[in-house]
Amino acid sequence: MRSRMLPKYYISQSNFERERSKIFRNAWVFAGLSNLLPENHSFITRKIAGIPIVIQNFKGQLRAFENICLHRGAPLQKGPSGIRPLICAYHAWSYDSEGHVKNIPDCDIIYHLDPCEKSTLKLREFSLQQIGQLLFINISHDPMPIEEQFTPEFIDLLRGSSEFYDSEVMTTTWHANFNWKLAQENLRDLNHVKYVHAKSLSKVSHFAITAEDASSIESDLIDLSAKALRQEMRKFSHGGPEGHNHFTTHFPWMEKVERWGNIDSYFNWLAYPNLHIASGNGGYSFTIENYIPIAPGKTDVEIFFMTGRKKINYADSYQVLLSHMHYSKQILGEDIEILEAIQSGLHNEAPAPFQGAYESKNREIERWYSILMETDHGI
């Protein structure tokens, strides 16, 4: 069973720009956590498909704008997060909650803008959706309803679990040398755990490998309309228990947080195209991995760690998160090592890999992706 994914999809700059345009500028993608925007003027900055974005709290209302001042193009907010009004540091142009220019110092004296001209100055705004504590953004000028990308059942799973996230969050970003799609393929390949993670994850969790009938995957999509492509894409996001935990350690901090659910399983949530959420201890803590495409062979892996909501504050909560980070770094480091090795061997004449029956979901997504890239149709 041969993969439909050719090496060019992982190394070509032109293909990278094409997927930016067709996927990341049309799909809903993860943009951050609402609990990192707790008060007026708090903000986070992003860059999605090359476009700089600021998400800011305006007296409890979250809005997303292009993070570029309309005067000379300087960033309105700098740094990954902070608390300050939406004011450009270059010439102090300020903006209101609607993105309109609120004040231009010495406007009448040196700019000579009449009120009509000034009233037309407005930042480009992007659609923002909040699901529980998860923020999703769509930078299309005509965004699809988020329900066309994710099923109601999946949205409910995201909302229900993320509402248990604690407000104390530890974040970090790792810079990796592989294509973002390799990471997503790896996350859907449970068979790699016992080999790549033999000294880490495999010691505490067992993942059952099943092989589904993949005969329908080998046929081509006939309806290439945006509606049909979106319906197909809906199948790519899912969540739930995927592994059985065979450890019995119960740490003292677990008694101090609210647990999501009551199943001792390893939970995975995959939100296509590039979001992975996991709870490796049955709902006591959560790890978010956001795979940000930077170049054909470069991906930033943005990580968020949090426990369930605290029942009481406890002094060593920072150490709990730090231990999560160290453990995640070990597992993710093992993944990064193998994915970077794969990326380094890719070239235009490299053979397309063979895949087994258990990899049917990867082949289904690869078929959809290949069709999307090779036609003029989009989502």
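**Helix packing and a buried arginine in a predicted model**

Q: In this predicted model, what is the handedness of the crossing of α6 and α9?
A: Helix α6 passes helix α9 in a crossing whose handedness is defined. Helix α6 covers residues 180–187 and helix α9 residues 317–344. The crossing of α6 past α9 is right-handed.

Q: How are α6 and α9 oriented to each other: oblique or roughly perpendicular?
A: The two helices pack at an angle of about 125°, with their axes 10 Å apart. Roughly perpendicular covers 65 to 115 degrees, and roughly antiparallel begins over 145. The angle therefore makes α6 to α9 oblique.

Q: Which residues of α9 make the contact with α6?
A: From α6, the contact draws on L182, A183 and N186. By class, the contact of α6 with α9 has 4 nonpolar, 2 polar and 1 charged residues. The α9 side consists of D335, L339, I342 and Q343.

Q: How are α8 and α10 oriented to each other: roughly parallel or roughly antiparallel?
A: Helix α8 (residues 226–234) packs with α10 at an angle of about 155°, their axes being 10 Å apart. An angle over 145 degrees counts as roughly antiparallel. The two helices are therefore roughly antiparallel.

Q: How many charged residues are in the contact of α8 with α10?
A: L229, E232 and M233 in α8 meet E364, R367, W368 and L372 in α10. These residues divide into 4 nonpolar, no polar and, for the charged class, 3.

Q: Is R363 buried or exposed?
A: R363 is found in helix α10, residues 360–374. A polar atom of the R363 side chain lies 3.1 Å from the backbone oxygen of G356. Because its relative accessibility is 3%, and the cut-off is under 20%, R363 counts as buried.

How values were computed: Residues are numbered from 1 along each chain as its sequence is written. This is a predicted model: local features need pLDDT of at least 70, side-chain atom pairs count only at pLDDT 80 or more; totals for chains, interfaces and linings use all residues. Side-chain values use heavy atoms; hydrogens and water are left out. Helices (H or I, at least four residues) and strands (E, at least two) are DSSP runs, numbered from the N terminus. Buried means under 20% relative accessible area, exposed over 50%, partly exposed in between (1.4 Å probe, protein chains only). A polar contact is a pair of N or O atoms within 3.5 Å; within protein, one must be able to donate a hydrogen and the other to accept it, and residues adjacent in sequence count only if both atoms are side-chain atoms. Axes are lines fitted to C-alpha atoms, for helices over the stretch in contact, and angles run from 0 to 180 degrees between N-to-C directions. Angles under 35 degrees count as roughly parallel, over 145 as roughly antiparallel, 65 to 115 as roughly perpendicular and the rest as oblique. Contact means heavy atoms within 4.5 Å. Ala, Val, Leu, Ile, Met, Phe, Trp, Tyr, Cys and Pro count as nonpolar, Asp, Glu, Lys and Arg as charged, and the others, Gly among them, as polar. A crossing is left-handed if the near helix is turned anticlockwise from the far one by less than a right angle, and right-handed if clockwise.
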